[in-house]
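Please look over the model below before reading on. My points follow it.

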Amino acid sequence: MTRSRHLLGHLYMAAFLIYMFVPLIIMAGAAFNDNRLPSVYPWKGFTWRWFQELFADTTLWVSFANTLWVAVAVVVIAVPIGTAAAILINSIAGKVRGFLYGVMVAPILMPGVVIGISTLLFWNSMGNVTGSDFILFNPGLHLSVLGQVSFIASFVMLLVLARLQSFDPGLEEAAMDLGASNSQVLRRILLPHLYPAIAAGAAIAFFQSIENFNTTLFTRGTQNTLTVYVFSKVRSGITPTINALALLMIIATLIAAIWYEVARRRKERRLAALERAQD
Amino acid sequence: MSELLRRYGPGLTLIFVLLTAFWLLMLVILPNITLFEASFRPYLPVTEIGGPRDVYSLNNYAKFLNNAVPASYFGIDVQIPVHLKTFLATVTYSGVVTIVCFLLSYPLAYYLAKVVNPKSLPTLILLLSIPLWVSEALRAFAWYIILTFNGPLNAVLVGLGVLEAPVRWQNGVMTPYDGIMIGLTYTYVLFMLFPIYGAIQSLDRNQIEAAEDLGARWWQIHWRVVLPHSRPGIASGCVMVFMLSAGSLLVPTVLPSTSSNWFTETIRQWMLESQDWNTGAAYSFLYILLCSVVVMVVMWLFRVKLNEIAK
C-alpha cells in the first residue's frame, strides 16, 4: 500500500517537472523556427535569423543595461536599509515593535502596481510643492529604484532578522569587555555573523529587481527596462526574437544551476571524506 | 534601544535609525498618504492645481460605480458597473487560481518533505526553482505560444484524436479567463509549493508514524496531523498567490481573451492612457483595501499571525 503510494508520488513529481519545463522547451524551440510568428508548429525549417535580429536590436540591449543598473542600485540601497531595520527592530520590544514590524512587512503584501503609483505621485508632488524641476522629482528609472527598494528592503529585513535570532549577544559583551570600540563590535562581531543573510538578501534583491515589472512600469517615465521592453513587444506584435532572448536567459539560468549543483555535490563529498577520515 | 546605544554608540545607532526612517517614511508611509490624499482631488491641468476647482470630493471613487453593463451571476442577469464587474472577476478568478495552486502543491510539498530520498532533495528543489529565474513575462508568453489557435496544444490534441477540431483556448472554454488562469497558475504555483513544503518539513515524522500505529487511515493522517501542522505555510502560500495573481499585470495582458479585463489593467488605463493620476490613485486605494481584507480573512481563517505569513 505504502509502496504504491510512493510510486504515485514519484509519478506526480515527474509530471510536475514536465509541467514546469515543457512550456520553457516549447518557447526555446520556437526561437529556431523560420516562421514570422513565434510558434513551434507548423515547423518551417531551422534558422538562426532570430538570434541575428536579437543582437541587432539596440533598444533591447539598452533596456538590458538599464535593468542591470537598476538592480545594482536597488541592492546598494536596499541591503543597508534592510540590515539596519532588522538590527533596530530586534532591539526593541512591545507594542512599538509590533507596529514597526507591520509597517516593514506591509510593502511585501502590497500590489506592485500600487507601490509604483504611490512612489510616482509622492515624488511628483514633492516636485510640485518645492516648485523644483530637479530630476529626482520626475518619472524615471531613479524612481523605479526607490519604488523597488520600498518592498525589496522588506525581504532583506526578514532574512537578516531571522539570522539575528541565532546570534549570541554574549559575544558582543565579551568584545566590549576586551575593549572593542563600537564600530569594531559591529564590524568584527555582528556583521560577520549576518553575512550569509546579507548575501542571500543581496541575491534576492538583485533578482527581484530584474524580475520587477509592476512597480517599474509606472515610475520609469520613458526609459525601458528589459521586462517593460518585452511587455511592449508582446503587446505590439511579437517576432521570435523574444524567444531567442528567452532561450539565452534559460541557458544562463541552467549554467548557473549546474554550477551550483556541482559545487554543492563537491562540498558534500568533501564533508563525507572528512567524516570518514575522522572515524 | 538603550541596548543599541550601549553596543554600537550614538553614531552607528543614528545611522540605523536614519536608514530605517528614510525607508519607512519616504518610501512607504508618505507615498501612501500622498496616494490617499490625491485620490480625493480632481484631475486638473497643472496650472489649476491649488486653484478654486481643486477641492476634495468622492468623484474619483464614484467613477467606480459608473457605466453599468449587463452581467450574469449564477444565472441571474444584472446590470453592474463595468469596473466593479472587472474587480469582482479579478477577485473571483484569483481565488480560483489560489485554490488550484494549493491542490497542485500540497501533494508535491508532502512528497518533497516526507517521501523523497533526502539525498535527491536538493537537486529536485533546484530543478523546481529554475522556472522562477525566467522572467514572468516570458513564462506567460510560453503559454501564449502553447494555447494559440495554430499552436502545439491543438496540433497534439487533434493529432491524437482527442479533439475533432482545434479550439480557441485563449478565448476560454469555460470562462473568458481560462487563458489568464492557466498562465497565473503556471507562474505562481511555486509560491504556494515552497511555503507549504517548509511547513510540512518541520513536522516530526514520529507524529505521522504514531498516527499510523494508532490505526489512522492515510487521509485521516493528512486531515488531522499534516494539514493542521502546515497551516502557517498554507496561509502564507495562499496570501502570496492571491496577491500576485490579483496584482499581476503581465499575465492578463499577454494571455487575454476578447472579453477579459483584469483590475490592474483598468488602473493602468487610468494612469498611463487617460493620464488621470487621481482616479488611478482612487482605484489603487480600493486595491489596497482589497488586499488588507484578504490578508485579514486569511489570518482569521487559518488563525495565524502576520509574522507567520511573512516568511
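**Notes on chains A and B**

1. Ground rules. This is a predicted model: local features need pLDDT of at least 70, side-chain atom pairs count only at pLDDT 80 or more, and totals for chains, interfaces and linings use all residues. Residues are numbered from 1 along each chain as its sequence is written, and chains are lettered from A and ligands numbered from 1 in the order in which they are written.

2. Arg303(B). Arg303(B) sits in the loop between H13 and helix H14 (306-309) of chain B. (Helices, H or I of at least four residues, and strands, E of at least two, are DSSP runs numbered from the N terminus.) Its phi is positive, near 50°, and the residue is not a glycine. Most residues other than glycine have a negative phi. Arg303(B) is exposed, with 10 other C-beta atoms within 10 Å. (Exposed means 12 or fewer other C-beta atoms within 10 Å, buried 20 or more, partly exposed in between; C-beta atoms are placed from the backbone.)

3. Gln275(B). Here the loop runs between helix H12 (263-273) and helix H13 (277-302) of chain B. Gln275(B) also has a positive phi, about 55°, without being a glycine. Gln275(B) is exposed, with 9 other C-beta atoms within 10 Å.

4. S1(B) and strand S2 (residues 76-81) of chain B run antiparallel, joined by 6 bridges. (Strands pair if DSSP finds at least two bridges between them.) Ala71(B) has Val78(B) as its bridge partner. Between the strands are 2 residues, and Phe74(B) takes a positive phi near 50°. Strand S1 (residues 68-73) has 6 residues and the number buried is 0, so it lies largely in the open.

5. The interface. 73 residues of chain A are in contact with 76 residues of chain B. (Contact means C-beta atoms, placed from the backbone, within 7 Å.) Helix H1 (residues 2-30) of chain A gives the most to the chain A side, with 12 residues.

Terms used
Contact = placed C-beta atoms within 7 Å.
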